[in-house]
Amino acid sequence: MRTQVGIIGAGPAGLMLAHLLRLEGIRSIIIEDRSRAYCEGRRRAGVMEYWVAQMLIKTGVGDRLMREAKLHDGIYFAWDGKAHHIDFKQLIGQQIYVYDQKEVVTDLIAHRLAQGEDILFDVSDVSVHDFESAAPKIRFHHKGEDCEIACDIIAGCDGFHGISRPSFPAQVINQHDKVYPYAWLGILAESPPPEKELIYTWHERGFALFSMRGHDLSRFYLQCTPDEDVSKWPDERIWDELAIRLAGARPLTPGRILQKGITPMRSFVTEPMQTGRLFLAGDAAHIVPPTGAKGMNLAMADVRVLAEALTEHYKLGEEIRLHNYTTTCLRRIWKAQRFSWWMTSLLHIDPRRDTFDMRRQRAELDYVTGSKAAMTSLSENYCGLPFD
Ligand code: RFL
Ligand code: PHB
């Protein structure tokens, strides 16, 4: 097989990159090691920055999003039984969309297949070769056969556990890693959301987040330990703990729990994000703790930059943007890292905390919900920083 850009991974990064390239007449092939059903069913992000939704709409993959996504004007921070609103729309004239990542992936896959473009699902033993030369290759197994894609550029969009980042020569790579002493226990429940917008709660027993996927479908998260055993969390314990942490700020209606899972918390950045003709995008290059709702949005920002750089490369023969890919992306990534770390440390209870830390957190919450300057800064970061 021969193409211009070989893309590894059919998550938001890989699918959006292929879509943006196709609009510029640049050919690509996507390979994915999971099944189509698995990719379309994987529930992760909920919050989408405004510009990401606009990009999906403007490029022809936003029809369902426009019908089904919910636009939110702000979020709530709650503690001591009171919920405080941060109104993005009033403060900075922006909003965010709530639309599950699995729907974005489903829409992008459907659109690509409808255009007659390939995605090879269920591949295995993927490896990358000769990316320091002008003739990179991707090798893998598919339907019992050994396959090879010869391409000009390889885009490693294969997430945190993919093969692209580990394929970088060890002497090239710098990794910045921070692991937190807590994780999230996430549930999906047939229960009306307690509020029409998200509530991030601080409680001395730990953080809780109240999000949603529909009128009667909620997505809730509880701070837990990184090695938490889900079997120790029967449904009643989860509902009791959610109610304690919400502390009466809003009514909570328990319902059937459809899914439970643990999400570890990590901040991680790889520098550089490119070596030769191998480029990383999205979670393959960086991870943020989910408290700032930035991971998928950053993946979309990376591929926007990469698609522009590749367009310039193919149409004008210019290499400057490709050359500057890492530098351009990292400016946004480090700001999102800072914001995600800040939201995480503001709202979670560190097991090693002392009374000073608790009082400082509460003072910061009071400040961030009381000062227009602080709320404006939070709004700007949560809704997505401008590009230039
Ligand atoms: P993905 O989504 O992990 O996709 C990578 C794809 O590559 C495939 N793959 C391979 N394919 C071929 N060969 C290999 N060797 C391969 N190895 C892996 C995988 O099967 C997969 O299909 O990475 P991508 O595209 O970079 O997208 C990143 C986002 O998925 C991630 O950052 C977000 O989900 C993070 N996130 C959130 N982001 C937001 O912007 N807003 C949110 O509200 C938000 N909430 C969240 C989140 C992540 C969460 N979890 C579960 C980690 C909430 C949670 C709980
Ligand atoms: C979600 O709805 O899954 C969600 C929302 C906001 C976050 C993380 C996850 O910060």
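Guide: In this predicted model, a polar contact is a pair of N or O atoms within 3.5 Å.

Visitor: Which residue has a side-chain N or O atom 2.6 Å from an oxygen atom of ligand 2?

Guide: Around ligand 2 stand 14 residues, and among the nearest of them are Y200, R213 and S211. An oxygen atom of ligand 2 also lies 2.7 Å from a polar backbone atom of P290, whereas the side-chain atom at 2.6 Å belongs to S211.

Visitor: Which element gives the most residues to the shell around ligand 2?

Guide: By class, this shell has eight nonpolar, three polar and three charged residues, and at least three residues come from each of domain 1 and domain 2. The elements that supply two or more residues are β16 (217-224) and β15 (208-214); the one that gives the most, with three residues, is β15.

Visitor: How many charged residues are in the lining of the second largest pocket?

Guide: The second largest pocket, with a volume of about 460 Å³, is lined by 17 residues, with V305, T328, R331, F387 and D388 nearest its centre. The helices α8, α9 and α10 each supply at least two residues of this lining. Sorted by class, the lining has seven nonpolar and two polar residues, and the number of charged ones is eight.

How values were computed:
Residues numbered from 1 in each chain as written. Chains lettered and ligands numbered in written order. Predicted model: local features only at pLDDT ≥ 70, side-chain atom pairs only at ≥ 80, totals over all residues. Heavy atoms only, no water. 1 Å grid on protein atoms, 1.4 Å probe; cavity = no way out; pocket = protein on both sides within 12 Å on 5 of 7 lines; lining within 4 Å. Points joined across faces, edges and corners; volume = space filled by probe spheres on them. Helix = DSSP H or I, 4+ residues; strand = E, 2+ residues; numbered from the N terminus. Nonpolar A, V, L, I, M, F, W, Y, C, P; charged D, E, K, R; others polar. Near = heavy atom within 4 Å. Polar contact = N/O pair within 3.5 Å; in protein donor to acceptor, adjacent residues only side chain to side chain. Domains from an automatic or database assignment.
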